[in-house]
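Dear colleague,

Please find the structure below, handed over for your review. My findings follow it.

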Amino acid sequence: MKLRITNTMSIEGSALDDMNKIDYIFVIHNSANLVSKFRSSLGVKNPDFTNIIEISLRDYVPTRAVAFLDTLANLYIENTVNTQFRINANTLLYIDKEMNEISAVLDTLEIQLENYKEKKNILMSVDKDESAYFDTYNQEQEDKTKILLQLDALNDLEQYVIEGKDPEFLPPSVYLNSDDGFLQQMTSQLYTTQLRIIGALGSNTEQSPSIITAKKSIKRITTDMLTYINNSRKALNDNLAKVDSTIGSAVKDIHTLPEKQRGFTNIERQEAINTKLYEFLLEKRASTILEKAAIIPETRIIETARSLGVVEPDRKKIYYLYTGIGFAIGMFILLIRLLFYDRIENIDELKAKTNLPVLGEILSAPTLTDLSFAIEDNPKSPLTESFRTLRTNLQYMLGEPGQKVILFTSNGPSEGKTFCSMNIGAILAKADKRVLLLEFDLHKPRIHRVLNVTPDKGLSTLLIRKTTIEESIIPSPIQGLDIILCGPVPPNSSELILSERVKDVINYGKQNYDYVIIDTPPLGFISDALILMKLADVNLFVLNTKFAYKESIHYVQEIITANRIRNFGFVLNNVKRKRSRYYYRRYSYYGGYGYGYGGYGGYGN
């Protein structure tokens, strides 16, 4: 492709410099794609009870849309005018052809008349008294000729309709019968529809909806026209039969005339008939020429195209639409959360679901993967601070003198009761208190793994009097915290809990230690905790946010109410920091130095 740019106006140097800074992009468009693009953006509307058409076009460039609509309107008007001119020209061609044929016939009749006169030695016309027969004969022959002309026009039109010829070859003879308005109207509709199909095929396929609709219209029009043509032909044939009957009577009368007069009059009659037909065509030709001069557009432009400004996007509509969508999404999320996400995730949700005391929350520590003394590993972490908060709240529940026994249990395994009991014992020991931790989970003990010792002695051996209390106590890495492990796992764990020796162990702890911490099996699976709760001064139920469903709260409350457990409270474990109502990470000690609490969070399994 070669592109040449020609300067058609004088441009100042400064303006030329600015134009040189502009990047120009030339895009070669496909004509079919452009037609499809403009057609999809084009809107046509016909107001009710009017013959007005409103045309609109949506485009990114207002001037281009205005130019497109103005050009489209002008081309439409020009096309309608050209259609009328083509119809008029075809009619003139047909009339001229018929006139040439009749003129040749008249020339032949004049020569025959002269030869007949010379042959028969006739110097003047027949007698006027005998001309009446010929007048009747001539008039009927003239009517017959007109009927035959109309039949020829109907036959031509029927052949055109049946064969479906190109509209450029439309037989104009139908226009000779000016009295038949219906046939003229239907022929004009057929011609216009065919032209519209030819124009549409330039940018569409045969399967286009507009072309299919136009073809259906043509089929309906041709069916109506063929029916009308058959009816008209039948009527014309009936008239032709009557005319032939009258002509036959006139011929019988003429046969009574002398042969010389009859031959002369016959030639004169044919000459007169063709002369009248020639005059008829001449009148039609003059009328057609006058109609051409009177052709005007059938459509006119009431208002030229103009830009309406920005019509898309509708900012107000988009604002309301997306506001509604956002509201619907929010309601949907809320509904899903209410139906499927019924876990308790923070201390406020827990307080909203129960009227029992909630002593605190233990923050999550993603990096803590095993059971351990977390407060010893990082004494300044948010996790350690949450245990300090729990220690403070315990002081209010252990308000009376002699209350030293704290029991930890949970609804199921892996909720963090052993983790909490170990670390609350450690945090109490850090406050210069002597603490004894009793591992009464005789079904699945785990504390010996933290201490890395062999559980060959403990509560199981103590309760069957194989070892003494003093022999069963082992020290922990935390100063002030002693532990009595489970020992070997007994086959009759629940029966050992019912032993009177259990009270002796707890009383020993109360007499020799400041606090006694009891770690029990899960309450939701084993009833050992219920027995030990009656020996404890404070009973703490550990809930893990992974398993703390709201139905489990009602289950625990029913157990506590049915067994009349006193001094009961909840501890919510594994609370994500962003869910916590306490902002430990903003805390800093007095003196100007602070520390962050990243890294620690919840206790895992």
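Is lysine 417 buried or exposed? The model is a predicted one, and in it lysine 417 has a relative accessible area of 6%, under the 20% limit, and therefore counts as buried. Its side chain meets that of aspartate 519 in a salt bridge, with an N to O distance of 3.5 Å. Because aspartate 519 lies in strand β8 (residues 515-519) and lysine 417 in helix α12, the pair ties together parts that are 102 residues apart in sequence. Aspartate 519 is buried as well, at 0% relative accessibility.

The count of salt bridges comes to 12. Another of them joins glutamate 142 to lysine 146, whose closest N and O atoms are 3.9 Å apart. Both residues belong to helix α4 (residues 131-163) and are 4 residues apart, about one turn of the helix. Glutamate 142 is buried at 12% relative accessibility, whereas lysine 146 is partly exposed at 39%. Together with Lys276, Glu142 and Lys146 are linked in a network of salt bridges. Arginine 306 and glutamate 303 also form a salt bridge, at 2.7 Å between the closest N and O atoms; both of these residues are exposed.

Leaving aside residues up to four places away in sequence, isoleucine 518 touches Val405, Ile406, Leu407, Phe408, Leu438, Phe440, Ile506 and Leu532.

Helix α11 (residues 382-397) has 16 residues, which should span 22 Å at 1.5 Å a residue; its end C-alpha atoms are 23 Å apart, in agreement. Its buried residues include Phe387, Leu390, Arg391 and Leu394. Among the elements covering the buried residues of α11 are β4 (405-410), α12 (417-429) and β10 (568-575).

On the surface, Ile318, Leu321, Tyr322, Ile325, Ile329, Phe332 and Ile333 form a nonpolar patch with about 690 Å² of accessible area together. Isoleucine 325, found in helix α8 (residues 315-340), is partly exposed at 36% relative accessibility.

Serine 414, in the loop between β4 and α12, has a positive phi near 65° and is partly exposed at 31%.

Yours sincerely

Notes
Residues are numbered from 1 along each chain as its sequence is written. This is a predicted model: local features need pLDDT of at least 70, side-chain atom pairs count only at pLDDT 80 or more; totals for chains, interfaces and linings use all residues. Side-chain values use heavy atoms; hydrogens and water are left out. Contact means heavy atoms within 4.5 Å. Helices (H or I, at least four residues) and strands (E, at least two) are DSSP runs, numbered from the N terminus. The expected span of a helix is 1.5 Å times one less than its number of residues. Buried means under 20% relative accessible area, exposed over 50%, partly exposed in between (1.4 Å probe, protein chains only). Patches are made of residues with over 30% relative accessible area and no salt bridge: like charges are joined within 9 Å, nonpolar side chains (Val, Leu, Ile, Met, Phe, Trp, Tyr) within 5 Å. Accessible areas come from the Shrake-Rupley method with a 1.4 Å probe; for residues, only the protein chains shown count as cover. A salt bridge is a side-chain nitrogen of Lys or Arg within 4 Å of a carboxyl oxygen of Asp or Glu.
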